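Reader: Hi, I have a structure to go through and some quick questions. Can we take them one at a time?
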Amino acid sequence: MGRVTERRKVVRVRDGAVTGRPDTLVAEEPLEIRLNGRPLAITMRTPGDDFALAAGFLVSEGVLGTASELRNIVYCAGATADGANTYNVVDVQTAPGVAIPDITLERNVYTTSSCGLCGKASLDAVRTTARWPLADTPPLRLTTELLSRLPERLRAAQRVFDRTGGLHGAALFGEDGELLDVREDVGRHNAVDKLVGRALQAGDLPLSRTVLMVSGRASFELAQKAVMAGIPVLAAVSAPSSLAVDLATETGMTLVGFLRGTSMNIYAGEHRIALPAPAGHA
């Protein structure tokens with residue numbers, strides 16, 4: 001099993017002084033996801049929580065939505081020519097009756113960064129395959145003070161980041177700001193898949209009373225994964241993409257970007273945010 005971190009030699013230059021020393025790096029290895037024995041996708045990830053990652057990926061693909069639809073996930077033996085198990089290939093077995101996509105080179109996948117789809121086609125794909133509308137009833141009501149505390153709480157929970165500085169983080173918070181789960185990965189989309197996959201396995205989907213906090217930017221892919229998991233609020237420390245804002249607006253999701261300290265930009269769904277009164281108002 002691959003480790004989360006690895007050691008490599010580095011030449012360090014500090015104030016003109018040159019030294020050689022080992023450095024701790026985040027591990028990156030490929031993971032092939034098979035669906036009922038057939039290759040489906042390959043992603044570069046940090047080893048760990050591989051079963052949750054695969055399950056979460058299939059939630060965002062619209063294949064899985066409940067724990068009962070997942071029969072089993074196993075590592076594939078004989079993944080190499082000599083029959084060794086690399087722990088880099090997993091096979092997801094669905095329960096009888098679960099509809100699976102047509103697995104071809106031309107299949108209509110919109111979740112991967114290399115899919116080549118954009119604009120209205122991507123928005124339509126999410127809208128037609130999402131299992132749950134973002135119907136948090138009554139709607140979440142979050143204060144700006146609560147939101148401002150989330151980035152630091154995510155950062156404090158990123159244990160591997162402290163050792164490597166090279167991992168993205170994603171965390172689920174309750175509407176009261178309670179940290180529910182946190183995952184790290186070299187790929188920001190993988191970190192979210194791991195969160196969603198763990199929730200699927202626990203029978204917690206849809207995540208209709210939660211906030212998803214991510215350590216980087218809010219891409220369309222991350223917004224799409226939040227929608228597919230029924231998450232009503234996505235917050236990011238960096239910028240959203242234009243398509244992420246379009247998706248949030250169309251689905252009713254709250255999207256917050258540039259969440260740093262007490263500053264933030266609300267790009268969609270401001271009805272869930274209790275905004276402070278303008279200066280000069282009682």
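Reader: Which residue takes a positive phi just after α7?
Author: Gly-252 does, with a phi of about 85°. Keep in mind that this is a predicted model.

Reader: And which residues of helix α7 are buried?
Author: In α7, which covers residues 242-251, the buried ones are Leu-243, Ala-244, Val-245, Leu-247 and Ala-248.

Reader: How many residues of α1 are buried?
Author: 10 of its 11 residues are buried, so α1 is largely enclosed by the rest of the structure. The buried ones include Asp-50, Phe-57 and Ser-60. Ala-52, Leu-53, Ala-54 and Ala-55 are also among them.

Reader: At what angle do the axes of α1 and α5 cross?
Author: At roughly 90°, and the axes come within 6 Å. Angles of 65 to 115 degrees count as roughly perpendicular, and α1 and α5 are therefore roughly perpendicular to each other.

Reader: Which residues make that contact?
Author: From α1, they include Phe-51, Leu-53, Phe-57 and Val-59. From α5, they include Asn-190, Lys-194, Val-196 and Leu-200.

Reader: How do the contact residues of α1 with α5 divide into nonpolar, polar and charged?
Author: There are 8 nonpolar, 5 polar and 3 charged.

Reader: New topic. Where is Thr-46?
Author: Thr-46 is in the loop between β4 (38-45) and α1 (50-60).

Reader: Is Thr-46 buried or exposed?
Author: Buried. Its relative accessibility is 2%, and the cut-off for buried is under 20%.

Reader: What does Thr-46 touch?
Author: Setting aside residues up to four places away in sequence, Thr-46 touches Val-4, Val-26, Ala-27, Leu-167, Asp-185, Val-186 and Lys-194. With Val-186 there is a polar pair: a polar atom of the Thr-46 side chain lies 2.9 Å from the backbone nitrogen of Val-186.

Reader: Last topic, the core. How many residues has the largest nonpolar core?
Author: 51 residues. Leu-205 and Leu-212 have the most contacts inside that core.

Reader: What is Leu-212 in contact with?
Author: Leaving out neighbours within four places in sequence, its contacts include Ala-170, Leu-172, Val-192, Leu-195, Ile-231 and Leu-234.

Reader: What does the second, separate core include?
Author: That core has 19 residues, including Leu-142, Phe-173, Val-237 and Val-256.

Note on methods: Residues numbered from 1 in each chain as written. Predicted model: local features only at pLDDT ≥ 70, side-chain atom pairs only at ≥ 80, totals over all residues. Heavy atoms only, no water. Helix = DSSP H or I, 4+ residues; strand = E, 2+ residues; numbered from the N terminus. Buried < 20%, exposed > 50% of the residue type's maximum accessible area, 1.4 Å probe, protein only. Polar contact = N/O pair within 3.5 Å; in protein donor to acceptor, adjacent residues only side chain to side chain. Contact = heavy atoms within 4.5 Å. Axes fitted to C-alpha atoms, helices over the stretch in contact; angles between N-to-C directions. Parallel < 35°, antiparallel > 145°, perpendicular 65-115°, else oblique. Nonpolar A, V, L, I, M, F, W, Y, C, P; charged D, E, K, R; others polar. Core = buried A, V, L, I, M, F, W, Y, C linked by side-chain atoms within 4.5 Å.
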